[in-house]
Amino acid sequence: MRKSMFATTVLGLSIASSSFAATEIEWWHAMGGANGEKLNEIVKEFNDSQTQYKVDPVFKGTYTETMTSAIAAFRAHKQPAIVQVFEVGTATMMAAKGAVYPVYKLMKDTKADFDPSAYLSSVTGYYSDVDGNMLSMPFNSSTPVLYYNKEMFKKAGLTTPPKTWEEVAAYSKKLLASGAQCGFTTGWQSWVQLENLSARHDVPFASNDDGFSGLDTKLLFNGPLQVMHITKMHEWQKSGIFSYGGRRSDSAPKFYSQQCAMYTGSSSAFGGMTRNAKFDFGVSSLPYWASEVKQPNNTIIGGASLWVLQGKDKAEYKAAAAFLHFLSTPEIQAQWHQFTGYLPITHAAYELTKKEGFYQAHPGTEAAVLQMTASEPTVNSRGLRLGNFVQIRDVINGALESVWSGKETPQAALDTAVKRGDMLLRKFEKAHN
Amino acid sequence: MSVYFPQKKLPYLLVLPQLVITAIFFLWPAGQAVLQAFYREDAFGLSQQFVGLENFVDLFQDPLYYKSMVVTMVFSFSVAFLGIAVALWLAVMADRVIRGRMVYQTLLVWPYAVAPALAGVLWWILFDPNIGPVALFLDRIGLHWNHFLNGDQAMILVVISATWKQISYNFLFFLAGLQAIPRSLIEAAAIDGASSFKRFWDIVFPLLSPTTFFLLVVNLVYAFFETFGVIDTTTQGGPDGSTNTLVYKVFKDGFIGLDSGGSAAQSIVLMAIVGLMTVIQFRFIERKVQY
Amino acid sequence: MIENRPWSRLLSHLILIIGVFIVALPVWVALVGSTQPEGSFNSGSIPLWFGDQGVQNWAHVLFAEAGSTLQIPVWHLLLNSLVMALGITIGKIAISIISAYAIVFFRFPFRSAIFWVIFMTLMLPVEVRIVPTYQVIANLDMLNSYSGLILPLIASATATFLFRQCFMSIPGELVEAARIDGAGPIRFFFDILLPMSRTNIAALFVIMFIYGWNQYLWPLIITTDDTYYTLVMSIKSMLSVPDGDIQWNYVMVTTLLAMLPPVAVVVGMQKLFVKGLVDAEK
């Protein structure tokens, strides 16, 4: 046993070190767990499909660690050709004009097969400049949806998922009356309950078209809509309708263990849901306030995109372009979408998945796509482009937590968060002029 | 020591390897960090601007920095106090039993070997408000545990995780210290009719005080610097900065926030503080050696 | 005898047993967790008794892959951890014992300046100067190499400091006697000093081995080639699943596996380690 393992490793090492004529490029990513295995599989498929190029996928830890490692590597001239950067890092990457090679330019320079209109505009909008040029290649995008426990709903005499926040409150009361411990819980509170809330109700989250058209952006999420929503959530928390369980997806177990009947979280949590929820559950669109809008906007995305870095030679860029093209092909996209629950980034991949009957076989998986494509994005629902966004999210999380713990009123907490966030934006602005 | 070898060149040769390593892997990067404190840079280092003391001015105007100082003090002293108290108690108990002292020592010594990052992961899952058995138990007895929300509870969690590992270390020193105390001293007190509690406070504890003081310093230094992995795998400094210690803040602002100037300025302030602490520690240990 | 009342001894045992239990609690959870099916962590509460998936879980981690994104077997990670830990341990002991020797047994110009330069390294842990240190390593072309993993972590004065303490307690008469016997400093070092510091070296070996084995952030940052990944950092790859759920059962297996070697070293070398540690501080 040991001997054979040793032999295969030695063999593997010798293959890896013997140099082919193939151009090798590195791709740094943050996909751990099962999604990481799938990613390796896809890369292998690319490497096996041709002999000219070879991509090395390198796992670099969390999103933050991946991005920082790439930046540190860039400063030391050891950067990879492609790096996966989460959506909140977008502004930092964009502002680093000498460091990134915009994808649209890469594709043009290498004469690669590239049609921007093949991609879902609500996905690419997040990663495009003001003129609509794609700066990075979307890879794993998700959007917030509502998961609900069908069995608990039935027990409370409910048949359909709530469409609006008004219904969420009303349904929750019934659920609580029928024995549930809480109505709903949320993951990624800043993303779901403030960023997407603003987008969905066509209200700006920040000035300058949510930061797209300049660096002197000011945060605006302490407006009446946001304050109203957070005030409501605080009231709900007190009456047991809402229960807080952590900044990221730490609260999902509250849903798995049937304490809470609903969970607003990332569409990409679907895979985990299927594995962990030992009950019948449904997926529906993220609620909106019927009192505020008749027809809600699309939701905005989260997840990450692939950035190409400067400082590589022509052959390496050809390899990068070929690989990005490969990743966008309908087959690969459909495979990735169906396995991970991330959105399909091209229309073709969506159609292919539909044709394959995936959505029929897995009810609920289409909700996120429909919600993303229901309307053309407006300036308020294209996405957010804020410098130092990682820290701004941290500030927002802190503010919301001080509301949940009753230390501050929603208005006061959001005002402080805006003030602190603006300071971070000014810092970013100063470093980039 | 008053007798030395007379060779003049040999000692330089002997310190050379360490000096070279220190110069390349410590002085060089630390020097760069010092320089960075006076510059404002974008993340990729594409533009650099000399800003003088601005990073320091910003730092000392930031209320969060003072909060982090308070957090660090509370955290460090809690870890040191809890670690010393628990270890002392266990060591006194272990000193009393006749059989199985070594077994207890073995059973208590191993956490010292566990990586802080791993210890953090394990305590984190034990206290997870949604699934952790300790959190659920506390809930059942009416203590609502949610360290995602409650800064004090988050502090308790990191203190426990950080102390866990340190109990082993403190225990070893106390047990050795206790065993070095002459039995006759305690027996004499026992004959005088002093209760075991009184014997401990009047005789044993004063004799242990050099050990205790040494451990206090060591534990404070540990809590200051070596708890990075614990905080990173549990609270990441949250909620709302209530476990954001100075060292973690340097890492967070520099590595996650990509603010190299601000982070470097903090490093320098930290260096000054630690320099002071080191001198105090150094003086103390020096004196102790003279005994 | 002082404590001859049996109940008091019983109480002592009881308190110790409770102490041992609390100290072992996290590892108990890990042990139990490593035998559970995948879903049992996220639904409800963490199990406190063994499940029936132990063999499968351990087999999966040991034979399939380490972190799910890593394509090398787990024994390779173990080997890397071992190389890194031993490299740091041996390197650090070697350079610091000779520099402490020079500082204690010789008088030469700049002696105290040199001592302070070395001593300064105690002040800034790697985490605080991580980005510039990374740049230095990159400039020296030492990313993805064992020397890159090992050398920067040798630059710390803890061992030098401990050896200095230990050497300072050695009576000067010994040096005098050696000189009268005509023994030079080299012979003195090998024939007298080394044998005398055996327990201290053993204690430092344990401390440094653990320090090296438990490194987490540094290997994460400077390696991009998984043939250089270490076991402790591979936990990170299992924990960072941005939107999915963590496979806690495998995390627990890997955690236990990662803590086993250093725990074995501490327990196995306990006597020497304890003696050396406690003596060095006296």
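This is a short tour of a predicted model, stop by stop.

**Stop 1: chain A and its domains**

Select chain A. Colour residues 2-142 and 301-361 as domain 1, then 144-299 and 387-431 as domain 2. The centres of the two domains, taken over C-alpha atoms, are 30 Å apart.

Now look at where these domains of chain A meet. Domain 1 brings 14 residues to the contact, and domain 2 brings 15. Which elements of domain 1 each supply at least two residues to this side? Pick helix 4 (90-95) and strand 11 (302-309) of chain A. Helix 4 gives the largest share, three residues. Colour the domain 1 side by class.

**Stop 2: A:Val123**

Stay in chain A and select helix 6, residues 121-124. A:Val123 lies in this helix. Is A:Val123 buried or exposed? A:Val123 counts as buried, because 24 C-beta neighbours sit inside 10 Å; the cut-off for buried is 20 or more.

Next, show what A:Val123 touches. Leaving out residues up to four places away in sequence, select A:Pro138, A:Ser141, A:Ile301, A:Leu343 and A:Ile345. Then draw a distance from A:Val123 to A:Thr340. These two are 217 residues apart along the chain, and their C-alpha atoms are separated by 17 Å.

**Stop 3: chain B against chain A**

Show chains A and B together. Their contact takes 30 residues from chain A and 21 residues from chain B. On the chain B side, pick strand 1 (39-41) and helix 11 (246-256); each supplies at least two residues. Colour that side of chain B by class. It divides into eleven nonpolar, five polar and five charged residues.

**Stop 4: chain B against chain C**

**Stop 5**

Finish on helix 13 of chain C, residues 248-268. Helix 13 has 21 residues and reaches 29 Å from its first C-alpha to its last. That is close to the 30 Å expected at 1.5 Å a residue. Where does helix 13 of chain C bend? Zoom in on C:Leu260, where the bend is about 35 degrees. Then select C:Pro261, a proline that follows within four residues.

Methods. Residues numbered from 1 in each chain as written. Chains lettered and ligands numbered in written order. Predicted model: local features only at pLDDT ≥ 70, side-chain atom pairs only at ≥ 80, totals over all residues. Contact = placed C-beta atoms within 7 Å. Nonpolar A, V, L, I, M, F, W, Y, C, P; charged D, E, K, R; others polar. Domains from an automatic or database assignment. Buried ≥ 20, exposed ≤ 12 C-beta atoms within 10 Å, placed from the backbone. Expected span 1.5 Å × (residues − 1). Bend = angle between axes of the 7 residues up to and from the residue.
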